[in-house]
Amino acid sequence: LACAPVKVHFALDSDTLYDSEKPLLDKTAACLRDNDAQRVTIVGNADERGPTAYNEDLGQRRAQAVAGYLEAKGAAPTQVEAVISHGEESPICRDSTLTCWQLNRRTAVRQSCHL
């Protein structure tokens, strides 16, 4: 049984998880604990404000924060196949608005292709 994909969001210039987002990751961690063959890829993203290199690093730190949280909640390190950053290169929307920027500051946890 595949774990459902999730997206969690972050504050500007932050890699700290919102407390309100943790229940989503708790469910993912429980699913991973219950399905030891399940593998996930974690992808961090940033909005387009700031230098490209900074956003790439921020996306990576966000992805690492999610991976660390899942492992702290019982997911095996081997279940996380990849922790990568798309920086600002994969926006959900392209408007220069606070709402759009918030949507783009995210990390996605999705099923890996290899089960």
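**View 1. One cavity of 30 Å³ or more turns up in this predicted model.** Here a cavity is a set of points, on a 1 Å grid over the protein atoms alone, where a 1.4 Å probe fits but cannot get out. Points are joined across faces, edges and corners, and the volume is the space filled by probe spheres set on them. The largest cavity comes to about 40 Å³. Around the largest cavity sit Leu 12, Asp 13, Ala 46, Asp 47, Arg 49, Tyr 54, Asn 55, Leu 58, Arg 62 and Arg 105, where a lining residue has an atom within 4 Å of a point. Sort that lining by type and you get four nonpolar, one polar and five charged residues. For this sorting, Ala, Val, Leu, Ile, Met, Phe, Trp, Tyr, Cys and Pro are nonpolar, Asp, Glu, Lys and Arg are charged, and the others, Gly among them, are polar.

A quick note on the numbers: residues count from 1 along each chain as its sequence is written, and side-chain values use heavy atoms, with hydrogens and water left out. Since this is a predicted model, local features need pLDDT of at least 70 and side-chain atom pairs count only at pLDDT 80 or more, while totals for chains, interfaces and linings use all residues.

**View 2. The largest nonpolar core has 19 residues.** Such a core is a set of buried Ala, Val, Leu, Ile, Met, Phe, Trp, Tyr and Cys residues joined through side-chain atoms within 4.5 Å; buried means under 20% relative accessible area, exposed over 50%, and partly exposed in between (1.4 Å probe, protein chains only). Leu 17, Leu 25, Ile 42, Val 66, Leu 70 and Val 109 touch the most other members. At least two core residues come from each of strand E1 (6–9), helix H1 (22–34), strand E2 (40–45) and helix H2 (52–72), and H2 gives the most, with five. Helices (H or I, at least four residues) and strands (E, at least two) are DSSP runs, numbered from the N terminus. Zoom in on Leu 17 and you find Val 8, Phe 10, Lys 22, Leu 25, Ala 65, Val 66 and Tyr 69 in contact, leaving aside residues up to four places away in sequence; contact means heavy atoms within 4.5 Å.

**View 3. Cys 3 and Cys 31 form one of the two disulfides.** Any pair of cysteine sulfur atoms within 2.5 Å counts as a disulfide, and these two sulfurs are 2.1 Å apart. Cys 3 lies in the segment before E1 and Cys 31 in helix H1, so the link ties together parts 28 residues apart in sequence. The bond is left-handed, at -100 degrees about S-S, and both cysteines are buried.

**View 4. Cys 93 pairs with Cys 100.** Their sulfurs are 1.9 Å apart, and the S-S torsion is about 140 degrees, so this one is right-handed. Cys 93 is buried at 18% relative accessible area, and so is Cys 100, at 2%. Number the bonded cysteines in sequence order and the pairing reads 1-2, 3-4.

**View 5. Thr 28 is a buried residue of helix H1.** Its relative accessible area is 4%. Thr 28 touches Cys 3, Ala 4, Val 6, Leu 70 and Val 109, again not counting residues up to four places away in sequence.

View 6. Glu 71 touches Pro 77 and Val 80, with residues up to four places away in sequence not counted. Ala 29 is 42 residues from Glu 71 in sequence, yet their C-alpha atoms are 7.5 Å apart in space.

Definitions and conventions:
On a 1 Å grid over the protein atoms alone, a cavity is a set of points where a 1.4 Å probe fits but cannot get out, and a pocket is an open set with protein on both sides within 12 Å along at least five of seven lines; lining residues have an atom within 4 Å of a point.
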